[in-house]
Amino acid sequence: MCGIVGYVGTQDAAPIVLHGLRQLEYRGYDSAGLAVIDRAGQVQVRREAGKLINLEQAIAAEPVYGAIGVGHTRWATHGPPSRRNAHPHSSPDGELVVVQNGIVENFMELRRMLQAEGYVFQSDTDTEVIVHLIHHHLHNGSAGDLEVAVREALAELQGPSAIVVLSRRHPDRLITARLGNAGGVTVGYGDGEMYIASDIPAILRHTRRLAFLESRQMAVVTADGVRFTDLKGEPIWKEVVAIDWNPMAAEKGEYRHFMQKEIFEQGRSLTDTLRSRLDFAESVVTLPSLGLTPQQVRELTKVTIVACGTSYYAGLVGKYYLERLARIPVEVDYASEFRYRQPIVESTHLVLAITQSGETVDTLATLEEARAHGAYTAAIVNAIGSQAARVTDGHIYMQAGPEIGVASSKAFTASITDLYLLGLYLGQERGVLDVELRTALIRELSSLPGLAGELLEEAWRSGRYRQLAERFYTYHNFLYLGRGINYPIAREGALKLKEISYIHAEGYPAGEMKHGPIALIDASMPTVVVAPHDSVYDKMLSQVEQVKARNGVVLAVAHADDPVMAQKADFVLPVPRTSELLAPILAVIPLQIFAYEMAVRRGADVDQPRNLAKSVTVEKGGRDKETGRQGDRETRRQGDRETKRGASRSYGL
Ligand code: F6R
């Protein structure tokens, strides 16, 4: 996952930047680079593919000395990991360098436009577009004002980005900006020195006084301080937050709970999920760690998805993706059921586990069973190096990053996105998706992090969910309804509410309501409907009417610009418009925030809900494989810390 560290002050920048990048290593990256303005006023750039040690050796061989610099660890999106694709990227005259976290969705158009202006590209990256664009504006129209040029360039970028710009002409300052939600930008205050970081741990050694950029904000950082503006150049005031000395608490930064942080990080985790899997130029999806040969892909006759809890709901969405995009029959089962029902498994089947922790006992046992029957096994897994990744023939890492809150949020959306990528990949390899269709689908997919960012910003700004929690926190029962591809989202929304706020909630396929649950509807049982504009929208509308006819209260996950739903439902939880297939990834986010705010309002322990652990390494009533302790999901409560430490360890925290 990309990381950014910047320094301006009186000390040598390179060691400080490298130390910061080291703190972010555990998030994963494939290349690294650094730029420093040296004592002669020249911008010196060092970049290397692979581990940070390679960059450190390059710097040791050819040192750079200067008191202002910026570094970056890259996780490839556009173009393979290599020195030429590593950040920072430079303008043609070496005047400017830029590092970036995020995705420039319209980079093809911008690249073509800049090429027509005479810019020659040295890399495959979208970031190089940004540096040339700033350079272009600097020399055409901004009257040579770098801040104006940065703003003009940002106005042309589509998609989420966090950037830092360094200029030879302004050797006293770093300019940083954030567009959308591809990752944070933190400004750290020292004494006569200042820091910038994508993630707090990178600069914790130097400062605990931090300010956080929000979307569409910019900062000009010098050794003596920082000036914040919006993207029109209007000054803005920012609170400086004092961060706890405890590294875990510090990691939470501006958020009250890890779960809140993880929910609001989803613009970034989705960006990271897409990284390195999409070749935008060729419209190709690559999943090398899956390990299936082209022949095996062609010969697949069935995919069986096995998982538990939230991961199972991700699997239900995955069924739609694989069937729709790759035309392979898919069965989804709870791992705890599959292993006991003598399932039919054949060598042309792919048995695919979805597991955040990679340690869930039922899921692991299922994989063992499937292997014994000769199936190809694979896992979509978040915890790097976990058992699920080790015991399977192939895997896809979620790239959601560490999830500390016990109730899953960003790992859920990451796993669904991985299933979408898998659907595209299998469709492409089986010749079901032609290049034209793939191009359109990949383009749509790349807009997802930006849309999630928009949704999250609106949620943060509006205070909508706190108000909803105030209105509903005393209720005892909720019904969640969804249909088609959003039915699993209704179930996941209900699970989130149950897990962290301890309110009873049922997730149901909307079409089943009339076969029983409708009897429950009255004014004391609110109904949450997941109703984006899709092929079953009219049917969802009629469910809303049926609930209203029985004095029910309706909360609708719907588009903000849907006047019909706005009129029929009591409350709208807005989601941006996207394609039907991608809609569930956005639709679940309001339900996560709603559950979170309800739990906070009820005073519940959001990050460590009662009776739950992050990874369930024992079967109910069974024995823990490692400790031999008798236990189940409930009796592991006091063991939560151990399992959480175990889970953290596997991310290298
Ligand atoms: C709920 C949640 C759980 C897990 C389930 C399986 O928020 O996270 O329902 O999905 O316990 O765990 P993994 O995905 O680690 O196999």
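A polar contact here is a pair of N or O atoms within 3.5 Å; within protein, one atom must be able to donate a hydrogen and the other to accept it, and residues adjacent in sequence count only if both atoms are side-chain atoms.

1. This is a predicted model, in which local features need pLDDT of at least 70 and side-chain atom pairs count only at pLDDT 80 or more, while totals for chains, interfaces and linings use all residues. Residues are numbered from 1 along each chain as its sequence is written, and side-chain values use heavy atoms, with hydrogens and water left out.

2. The ligand has an oxygen atom 2.8 Å from a polar backbone atom of Ser408. Side chains also take part: a polar side-chain atom of Ser311 is 2.6 Å from a ligand oxygen atom, and one of Glu499 is 2.9 Å from a ligand oxygen atom.

3. Helix α8 (residues 266–274) packs against helix α14 (residues 410–429) at an angle of about 30°, their axes 9 Å apart. Axes are lines fitted to C-alpha atoms, for helices over the stretch in contact, and angles run from 0 to 180 degrees between N-to-C directions. Helices are DSSP runs (H or I, at least four residues) and strands likewise (E, at least two), numbered from the N terminus. The two helices, α8 and α14, are therefore roughly parallel (angles under 35 degrees).

4. His87 and Pro88 are joined by a cis peptide bond, with omega about 0°. Pro88 sits in the loop between β4 (68–74) and β5 (89–90). Most peptide bonds are trans.

5. Arg327, not a glycine, has a positive phi of about 55°. Its place is the loop between α10 (309–326) and β18 (330–334).

Terms used
Angles under 35 degrees count as roughly parallel, over 145 as roughly antiparallel, 65 to 115 as roughly perpendicular and the rest as oblique.
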